[in-house]
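Here are some notes to read alongside the model. Please keep the viewer open as you go through the points.

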Amino acid sequence: MAEIPRPNGNISETLRLLSLRGFDDRETVALLGAHNIGRIGCQLIRPRLSNFTGTGLSDPTIPPDFLEELRQKCPDDNNTISNMLNDEHTDTARGLSVSIRTSLDNHYYKTLMRGRGLLFDDQQLMANEKTAAAVTDYAIDDGIIFRTQFAHAMAKMSNIGVLTGSKGEVRHSCSHLNS
């Protein structure tokens, strides 16, 4: 786990950890685009809302309107943001996109440009000159460049630490061991 970037980590640490695995800044930005889909647990967001880095205050990088929206969507008794958002076509849902999208597109990057990243690590992409340039490139693209570079980075990632011989196996079904 020490080799995996943390959702509350800073961009320098994320870039460092992925560079140790051979990824450059742009490939790292592409890989983080996977946050465009799926769900995110409120337990990963709540510290940004009320006790950022142990200060007892909210993350100062969150725009006030988005902070209020996150607090409403992720109260103390809620487990996942996506449970509260069902329609990805509403303005509110699109503002919280990374928790509810089902397709891999460039919407994640558009939300980062508006300061609406759910995870601190994601939003920090805009605080670094090189990664912010990649975010901008992906945000203004129609999604083709992002998907192509994401696929390349994922293929590269799939070659990391492959276990072979008696130490591993290529599964016929990912969810089951071969018999």
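1. A word on burial to begin with: buried means under 20% relative accessible area, exposed means over 50%, and partly exposed is what falls in between (1.4 Å probe, protein chains only). Tyr-109 and Tyr-138 are both buried. For Tyr-109 the relative accessible area is 0%, and for Phe-146 the value is 0% as well.

2. Some ground rules: this is a predicted model, in which local features need pLDDT of at least 70 and side-chain atom pairs count only at pLDDT 80 or more, while totals for chains, interfaces and linings use all residues. Residues are numbered from 1 along each chain as its sequence is written, and side-chain values use heavy atoms, with hydrogens and water left out.

3. Now to the rings. A pair of aromatic rings is described by the distance of the centres and the angle of the planes. Rings of Phe, Tyr and Trp (its six-membered ring) pair if their centres lie within 6.5 Å; planes under 30 degrees apart count as stacked, over 60 as edge-to-face and the rest as tilted. Searching the whole structure gives six aromatic pairs. One of them is the tilted pair of Tyr-109 and Tyr-138, at 5.0 Å centre to centre and 55 degrees between the planes. Tyr-109 lies in helix α6 and Tyr-138 in helix α8 (residues 129-140), so this pair ties together parts that are 29 residues apart in sequence. Helices here are DSSP runs (H or I, at least four residues), numbered from the N terminus.

4. Which kind of pair do Tyr-109 and Phe-146 form? Theirs is edge-to-face, with 5.1 Å centre to centre and 70 degrees between the planes. Since Phe-146 sits in helix α9 (residues 144-157) and Tyr-109 in helix α6, the pair ties together parts that are 37 residues apart in sequence. Tyr-108, Tyr-109, Tyr-138, Phe-146 and Phe-150 form one aromatic cluster.

5. A nonpolar core is a set of buried Ala, Val, Leu, Ile, Met, Phe, Trp, Tyr and Cys residues joined through side-chain atoms within 4.5 Å. The largest has 15 residues, and those with the most contacts inside it include Val-29, Tyr-108, Tyr-109 and Tyr-138. Helices α1, α2 (25-32), α6, α8 and α9 each supply at least two residues of this core, and α8 gives the most, with four residues. A second, separate core of 11 residues includes Cys-42, Ile-45, Leu-49 and Leu-67.

6. Do look at Thr-111, in helix α6 (residues 107-113). Thr-111 is buried, with a relative accessible area of 1%. A polar atom of its side chain lies 2.7 Å from the backbone oxygen of Tyr-108.

7. Thr-53 lies in the loop between α3 (42-50) and α4 (64-73) and counts as exposed at 64% relative accessibility.

8. Finally, an annotation. An unreviewed UniProt entry lists Pro-5 for "binding site"; such annotations may be inferred rather than shown by experiment. Pro-5 lies in the segment before α1 (11-19) and counts as partly exposed, at 24% relative accessibility. With contact meaning heavy atoms within 4.5 Å, Pro-5 touches Thr-14, Leu-17, Leu-18 and Asp-121, not counting residues up to four places away in sequence.

How values were computed
A polar contact is a pair of N or O atoms within 3.5 Å; within protein, one must be able to donate a hydrogen and the other to accept it, and residues adjacent in sequence count only if both atoms are side-chain atoms.
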